[in-house]
Every structure is written in C-alpha cells, then in structure tokens.
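Here are my notes on this model. Please read them with the coordinates open.

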Amino acid sequence: MQRIKKGQYGYIKSQRKIEIIKTLSLFLLSLAIYLGGYITTGTNKNLLTIVAILGCLPASKCAVNMIMFLRARGCSEELYQKVSAHTGTLPCLYDNVLTSYESTFEIPHMVFCGNNLIGIAVNPKCKTAACEKHLQAMCAQNSIRDVNIKIFQDIPKYLNRLDQLRELSVEDTQTEAVLSLVKAISI
C-alpha cells in the first residue's frame, strides 16, 4: 500500500487511520510495560511504572493529532469528481485544514496559477475573509509577494474560476513556494 502524501486526494482519510493505529499502539505499549512491572514485582512501586507513565506523554501527543484528523472532513468523492473535471494540469492541493489562533479553516481543494491562489470551502460556517487574511499573512511572513487569494463557498463559481485559470497561460515563478507553504501550515 502506497502512502498518500500531504496535498493529495484522500490524505485526511489515510492519515486518520495511521494516527489511530499509532495512538492505540503507544497507549498499549505503556499499558504492557506497566503490567509487566506489576506482574513481576507484585506492586506498582517500581521503575517500570515510571517508564509507563512517561510513555503516556508521546501517546497523548499522538492522541491530540488523532483528534484533529478525526474532526477533519477532507474532500468528498462528489467534490473530487466535479473539481478534477475542471483542473486539467493545474497544480492542486486536496484536503487542506488550516489553523489560525482564532479558528480552523477546512479547504478541501486549492489551486495556484498565475499568482492566484483559490480554494473552495464547502462548510457554510467557514469564514472565508478570515481565511484569506490568514493566508495573506502567512505569505507575507514567508516573503511571498503579489499573490491574489480567493476562497469560494459557491461550487459553480469556483468551477468557473478553475476554467478561467486553466485557460490562462502564465508562467508561474512562485508555484512551488506557495504550494509548499500551504502544505506546511496545513495539518
């Protein structure tokens, strides 16, 4: 089974399974160490109890990651089919979950072309203006200039904009930098 990389379709679903397995494995390992110490000494006042307790720290960190991936939705199959018919060879990112200090933004699909970074937010509660502002701030912090950012909530308008960008024949010099930035700030 080939691992799905960040930015590819199905990343969140794949990563969710990996995080569940990692978290359960680490907690079971800590439990096994504790039980091994308890069974061999007959009391929980031994060195293996301390090791088991300290083993809960990385397990808890993995549990936080697992919870983040359990809450994320990712790109639905229906949206993937609609969008893939309109992207062509445009550089795309799927399953983006961006976090800021104020909120979390789920952007199932993003495209960068001609200094335009566009995305679709299917959750009606998503504050697109705040997401655009957050992305602008991240671009500015990473010395990426002159990027027009637009997050859509209406799928037909987004698909129309994808068609327009596909017909645009502009050479992009910042494509790799922008896509790498979005991957870096996404879970």
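The points below run from overall form to single residues.

1. Basis. This is a predicted model: local features need pLDDT of at least 70, side-chain atom pairs count only at pLDDT 80 or more, and totals for chains, interfaces and linings use all residues. Numbering starts from 1 along each chain as its sequence is written, and side-chain values use heavy atoms, with hydrogens and water left out.

2. Fold. The chain has six helices and four strands. Their order along the sequence is α-α-α-β-β-β-α-β-α-α. Helices (H or I, at least four residues) and strands (E, at least two) are DSSP runs, numbered from the N terminus.

3. Overall form. Along the principal axes, the C-alpha atoms fill a box of roughly 75 × 35 × 30 Å.

4. Main core. The largest nonpolar core has 22 residues. Leu98, Ile107, Met110, Leu117 and Leu135 have the most contacts inside it. Strands S1 (92–99), S2 (104–113) and S4 (148–152) and helices H4 (128–141) and H6 (175–185) each supply at least two of its residues. H6 gives the largest share, five residues. A nonpolar core is a set of buried Ala, Val, Leu, Ile, Met, Phe, Trp, Tyr and Cys residues joined through side-chain atoms within 4.5 Å. Buried means under 20% relative accessible area, exposed over 50%, partly exposed in between (1.4 Å probe, protein chains only).

5. Leu135. Which residues does Leu135 contact, leaving aside neighbours within four places in sequence? They are Leu98, Met110, Leu117, Ile149, Ile151 and Ile185. Contact means heavy atoms within 4.5 Å.

6. Backbone checks. Asp95 is not a glycine, yet its phi is positive, about 55°. Asp95 lies in strand S1 and is buried, at 4% relative accessible area. Asn115 also has a positive phi, near 60°. Asn115 sits in the loop between S2 and strand S3 (116–120) and is partly exposed at 25%.

7. Surface patch. Leu24, Leu28, Leu31, Leu35, Tyr38 and Ile39 form a nonpolar surface patch with about 620 Å² of accessible area together (Shrake-Rupley method, 1.4 Å probe; for residues, only the protein chains shown count as cover). Like charges are joined within 9 Å, nonpolar side chains (Val, Leu, Ile, Met, Phe, Trp, Tyr) within 5 Å. Leu28 is in helix H1 (residues 11–41) and is exposed, at 55%.

Notes:
Patch = residues over 30% accessible without salt bridge, like charges linked within 9 Å, V, L, I, M, F, W, Y side chains within 5 Å. Salt bridge = Lys/Arg side-chain N within 4 Å of Asp/Glu carboxyl O.
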